[in-house]
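Here are my notes for your review. Please read them with the model open, beginning with the helix pair.

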Amino acid sequence: MTATAATPAPQVQAFFDPATWTVSYVVFDHAGGHCALVDSVLDYDAKSGRTSTRSADALVAFVKDKALTVQWILETHAHADHLSAAHYLRKQLGGQIAIGAAITDVQNVFKAVFHLEPEFHPDGRQFDHLFQPDEVFAIGDLRAQALSVPGHTPACMAYQVGNAVFVGDTLFMPDVGTARCDFPGGNAHDLFQSVRKLLALPGDTRLYMCHDYPPEGRDAAWVSTVAQQRASNIHVHDGVSEDAFVAMRSQRDAGLAMPTQILPSVQVNIRAGAMPPAESDGRVYLKVPVNVL
């Protein structure tokens, strides 16, 4: 998809959260027009269990400053490293919370892991819209498409908006590589195929990362191109075979610790950013299953 007179180039504003190394985006057609919010962050302090909306409020302020109407609040997947602010943002700004339809697979797995309440239905109803692979949708004057890119999780979606693609955790900056595949439902073979699908796009396609973990001496960055990734991604540059990638990814994943916020994050993110229902004392609790992950 390339921009034409009928489909203008998207404008993109990034918001970097150094606490979780996460990048959230507002992608919009023009000031006073329409936008989508991508991979928002609800701030969470693991030591106290307290949340705040500082990061999300930065998106709210930008949307209001540009007089934008929010159509979509997009999740590339159910994140394991930060809580989503989608539920809060919908209350503040409106819009539909959307994710890939395979989120139901993830919900089924984690309903059992966390022994969730019987009223939690693992059928995706917590979200306003479930994207099918290659589904086309609009962000104001912009044409967008949901691209299925499983591997990190079975439900990962990338969102192509004109010459920009929001890749979630599928790819990182070229000197960082690719996402892990050892979460439930992850698969390194699938990730390799998903990456090659993205890298088959035109070389000047802009790829927007959901995270950056910069090596020492480099500032955080989150935009690369297909050509840059094909030339120098340390895990999947041109010439790397699927077997070699899977062997590397499997060995690397075996030595990785779980993300710091995986337990609270997944419980919230499979609910579209909503907290579990309050218990009889009026308080909300997040569970810590012992010796499960």
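1. H1 and H2 pack with their axes 10 Å apart, at an angle of about 30 degrees. Axes here are lines fitted to C-alpha atoms, for helices over the stretch in contact, and angles run from 0 to 180 degrees between N-to-C directions. The two helices are therefore roughly parallel to each other (under 35 degrees counts as roughly parallel, over 145 as roughly antiparallel, 65 to 115 as roughly perpendicular, the rest as oblique). The crossing of H1 and H2 is right-handed, that is, the near helix is turned clockwise from the far one by less than a right angle.

2. A word on the basis. This is a predicted model, in which local features need pLDDT of at least 70, side-chain atom pairs count only at pLDDT 80 or more, and totals for chains, interfaces and linings use all residues. Residues are numbered from 1 along each chain as its sequence is written, and side-chain values use heavy atoms, with hydrogens and water left out.

3. Which residues of H1 and H2 meet? H1 brings Ala56, Asp57, Leu59, Val60, Val63 and Lys64; H2 brings Tyr88, Leu89, Gln92 and Leu93. Contact means heavy atoms within 4.5 Å. By class, this helix contact has seven nonpolar, one polar and two charged residues. Ala, Val, Leu, Ile, Met, Phe, Trp, Tyr, Cys and Pro count as nonpolar, Asp, Glu, Lys and Arg as charged, and the others, Gly among them, as polar.

4. Now the sheet. Six strands form an open sheet in the order S1-S2-S3-S6-S7-S8, with mixed pairing. Strands are DSSP runs of E, at least two residues; helices are runs of H or I, at least four, and numbering is from the N terminus. S1 (11–17) and S8 (129–131) stand at the edges, each with a single partner strand, so one side of each is left without a neighbour in the sheet. The twist averages 25 degrees from one strand to the next.

5. S6 (residues 69–74) and S7 (residues 96–100) pair in the parallel sense over three bridges; pairing requires at least two DSSP bridges. Ile73 has Ile97 in S7 as its bridge partner. H2 (residues 86–93) packs on the sheet, touching S3, S6 and S7, and its direction makes about 170 degrees with that of S6. H1 (residues 54–65) lies across S1, S2 (22–28), S3 (34–38) and S6, running at about 160 degrees to S1.

6. Last, Pro154. This residue sits in the loop between S10 (142–148) and S11 (157–161). Leaving aside neighbours within four places in sequence, Pro154 is in contact with Ala102, Asp105, Val106, Pro184, Gly185 and Gly186.
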